[in-house]
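Me: I would like to learn how to read the features of a protein model one at a time, with the general idea placed before the particular case. Could we work through one together?

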Amino acid sequence: CFPAMRLVREWIGSGQIGDVVAVQGDFGWSTADCGPDDRIWNPKSGGMTLDISMYLAQLGQVAFPNQAVDRIQTMASRKNGVDHTALTNIQYQDGGFSQFYVTGKANTEERVAIQGTEGRIVLDPPAHVPEVVRLFKTSGRGQDEEIVRKFPYITSEKYTHWNYPGSIGFVHQIQSVGNALQEGLTEVPHFTLEDSLQVASILDTILAQARESGRDEEEILFHDQQEEEERKLA
């Protein structure tokens with residue numbers, strides 16, 4: 001929906017960076033000020049996976065369009081019974097990779113890089129509502145030609161304050177859905193029902209692995225403190 005993402009798809013589709021090798025990204029916001037009753041701790045809807053992982057999970061569809069997921073591996077830590085930090089590796093059927101992490105322990109840079117055999121595309125922070133994209137054409141190791149494209153947010157005198165940075169950018173999503181409805185469509189061409197189902201399936205798998213094998217942050221802290229005490233006594 002974002003103009004910047006349409007350009008990214010065009011660059012990839014036209015082979016500007018060659019064959020895509022991998023996509024990497026991060027997204028995190030600090031939950032330090034979230035009280036015990038905050039919605040982020042609700043196991044039915046909370047945890048960082050259900051809160052923000054979809055922004056990164058869908059990047060595989062941009063980098064590897066129409067490809068099925070081959071396998072998913074996630075490592076995670078938990079807090080208050082929900083996933084708090086999760087790092088995920090995804091491999092697609094033709095061998096491409098997507099790697100990302102989400103966390104509630106820190107406000108991260110939120111930068112995305114899509115690496116190809118002949119260059120890379122970088123989405124400047126905040127990448128989930130992108131304003132600036134960069135195309136690096138590689139002519140040799142350490143030799144890049146950079147092309148920068150900027151897509152400033154729509155300005156509004158009426159709406160000047162948002163709870164989350166860049167939220168005005170979601171007007172593009174509203175416009176896209178509105179246009180589809182006016183044309184009698186049941187889905188938008190650049191994000192179909194199958195795309196939505198694939199993202200949902202990825203999140204389900206990440207969440208299941210995070211809750212099954214993730215370690216409690218309190219347990220990790222206790223273990224570290226115990227090791228420190230043992231070192232002092234040695």
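The dialogue below goes from the overall fold to salt bridges, cavities, the surface and the backbone.

Me: How many helices and strands are there in the protein?

Reply: Bear in mind first that this is a predicted model. The protein has six helices and nine strands, and its C-alpha trace spans about 65 × 50 × 35 Å along the principal axes. Of its 234 residues, 40% count as buried.

Me: How many salt bridges does the structure hold, and what is the general idea behind them?

Reply: Side chains of opposite charge can pair when their charged atoms come close. The structure holds five salt bridges. One of them joins Arg39 and Asp51, whose closest N and O atoms are 2.4 Å apart; this pair links distant parts of the chain, with Arg39 in the loop between β1 and α2 and Asp51 in helix α2, 12 residues apart.

Me: Is Asp51 buried or exposed?

Reply: The cut-off for buried is under 20% relative accessible area, so Asp51, at 18%, counts as buried. Arg39, with a relative accessible area of 42%, is partly exposed.

Me: Which residues are linked in a network of salt bridges?

Reply: Asp124, Arg134 and Glu146 are linked in such a network. Asp124 pairs with Arg134, the closest N and O atoms being 2.8 Å apart, and this links the loop between β6 and β7, where Asp124 sits, to strand β7, which holds Arg134, 10 residues apart. Arg134 also forms a salt bridge with Glu146, again with the closest N and O atoms 2.8 Å apart; because Arg134 lies in strand β7 and Glu146 in strand β8, this pair ties together parts that are 12 residues apart in sequence. As for accessibility, Asp124 counts as buried at 16%, Arg134 is partly exposed at 25%, and Glu146 is partly exposed at 41%.

Me: How many cavities of 30 Å³ or more does the count give, and which residues line the largest cavity?

Reply: A cavity is a set of points where a 1.4 Å probe fits but cannot get out, and the count comes to two cavities of 30 Å³ or more. The largest holds about 60 Å³ of space, and it is lined by Asp26, Phe27, Tyr55, Leu56, Leu59, Glu110, Val112, Leu123, Ala127 and His128. The elements that give two or more residues to this lining are β1 and α2, and by class the lining has seven nonpolar, one polar and two charged residues.

Me: What is the volume of the second largest cavity, and how is its lining made up by class?

Reply: The second largest cavity has a volume of about 50 Å³, and its lining has seven nonpolar, two polar and no charged residues. Among the lining residues are Phe2, Pro3, Phe151, Tyr153 and His172.

Me: Which residues make the nonpolar surface patch?

Reply: Met75, Leu87 and Tyr101 make this patch of about 280 Å². Leu87 is found in strand β3, and at 30% relative accessibility Leu87 counts as partly exposed.

Me: Where in the backbone is phi positive in a residue other than glycine, and which peptide bond is cis?

Reply: Phi is near 65 degrees at Asn66, in the loop between α3 and β2, and near 55 degrees at Asn80, in the loop between β2 and β3. Asn66 is exposed, with a relative accessible area of 81%, whereas Asn80, at 44%, counts as partly exposed. The peptide bond from Pro125 to Pro126 is cis, with omega near -10 degrees, and Pro126 is found in the loop between β6 and β7.

Key. Residues numbered from 1 in each chain as written. Predicted model: local features only at pLDDT ≥ 70, side-chain atom pairs only at ≥ 80, totals over all residues. Heavy atoms only, no water. Patch = residues over 30% accessible without salt bridge, like charges linked within 9 Å, V, L, I, M, F, W, Y side chains within 5 Å. Areas by Shrake-Rupley, 256 points an atom, 1.4 Å probe, with all protein chains shown as cover. Salt bridge = Lys/Arg side-chain N within 4 Å of Asp/Glu carboxyl O. Helix = DSSP H or I, 4+ residues; strand = E, 2+ residues; numbered from the N terminus. Buried < 20%, exposed > 50% of the residue type's maximum accessible area, 1.4 Å probe, protein only. 1 Å grid on protein atoms, 1.4 Å probe; cavity = no way out; pocket = protein on both sides within 12 Å on 5 of 7 lines; lining within 4 Å. Points joined across faces, edges and corners; volume = space filled by probe spheres on them. Nonpolar A, V, L, I, M, F, W, Y, C, P; charged D, E, K, R; others polar.
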